Amino acid sequence: MAEEKTRVDFNAPASIVERADNAAELLDISRTQLLIDALQDELDGLADDDGFRSRLRDAYYDERVDFQTVKSVLGQEEAMRMKLLRASIDREPPEPQLKAELPTDEEFYDGEVPVWRSDEAGDGDDAESTA
């Protein structure tokens, strides 16, 4: 099914229009097709541009653009990643809170608590021992 089209009307410098017409004639395509192709190439390039992606992220986190805009530019996976991150930023409290106390080291390790030693401090056989 063909995508719905929107009519766009804008003014451009005459020299650019003349260059576009010449290029379209050489390529044997319409001026409209040349402009559509140029816009598509520019938008594809922006989606890969780190500076543009950063500006889009900032706009999304500041709620100046919506999820659908991000999805249309960066794709579903990246947009979902940003949506989840924004949801975690907005969460109160921002970090998960423990409702119970942590177990002691002995309880957690079932009696034997490993102690890390650097290779330089030990004899070089095994850098981990138990207390």
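Modeller: In helix α5, E78, A79 and M82 are buried. This is a predicted model, in which local features need pLDDT of at least 70, side-chain atom pairs count only at pLDDT 80 or more, and totals for chains, interfaces and linings use all residues. Residues are numbered from 1 along each chain as its sequence is written, and side-chain values use heavy atoms, with hydrogens and water left out.

Colleague: What makes a residue buried or exposed here?

Modeller: Buried means under 20% relative accessible area, exposed over 50%, and partly exposed in between, with a 1.4 Å probe and protein chains only.

Colleague: Why is M80 called partly exposed?

Modeller: M80, which is in helix α5, has a relative accessible area of 31%, and therefore counts as partly exposed.

Colleague: How do you know that the length of α5 agrees with a helix of 15 residues?

Modeller: The expected span is 1.5 Å times one less than the number of residues. For residues 76-90 that gives 21 Å, and the end C-alpha atoms of α5 are 21 Å apart, so the two agree. Helices themselves are DSSP runs (H or I, at least four residues), numbered from the N terminus.

Colleague: What covers the buried residues of α5?

Modeller: The cover includes α3 (50-61) and α4 (67-74). Residues R53, L56, R57, Y60 and Y61 of α3 meet E78, M82, K83, L85 and R86 of α5, where contact means heavy atoms within 4.5 Å.

Colleague: Why is α3 called oblique to α5?

Modeller: Their axes come within 11 Å and cross at roughly 45°. Angles under 35 degrees count as roughly parallel, over 145 as roughly antiparallel, 65 to 115 as roughly perpendicular, and the rest as oblique. That makes α3 oblique to α5.

Colleague: Why do D28 and E63 count as exposed?

Modeller: D28 counts as exposed because its relative accessibility is 71%; E63 does so because its value is 58%. D28 lies in the loop between α1 (14-27) and α2 (31-47), and E63 in the loop between α3 and α4. D28 has a positive phi of about 60° although it is not a glycine.

Note on methods. Helices (H or I, at least four residues) and strands (E, at least two) are DSSP runs, numbered from the N terminus. Axes are lines fitted to C-alpha atoms, for helices over the stretch in contact, and angles run from 0 to 180 degrees between N-to-C directions.
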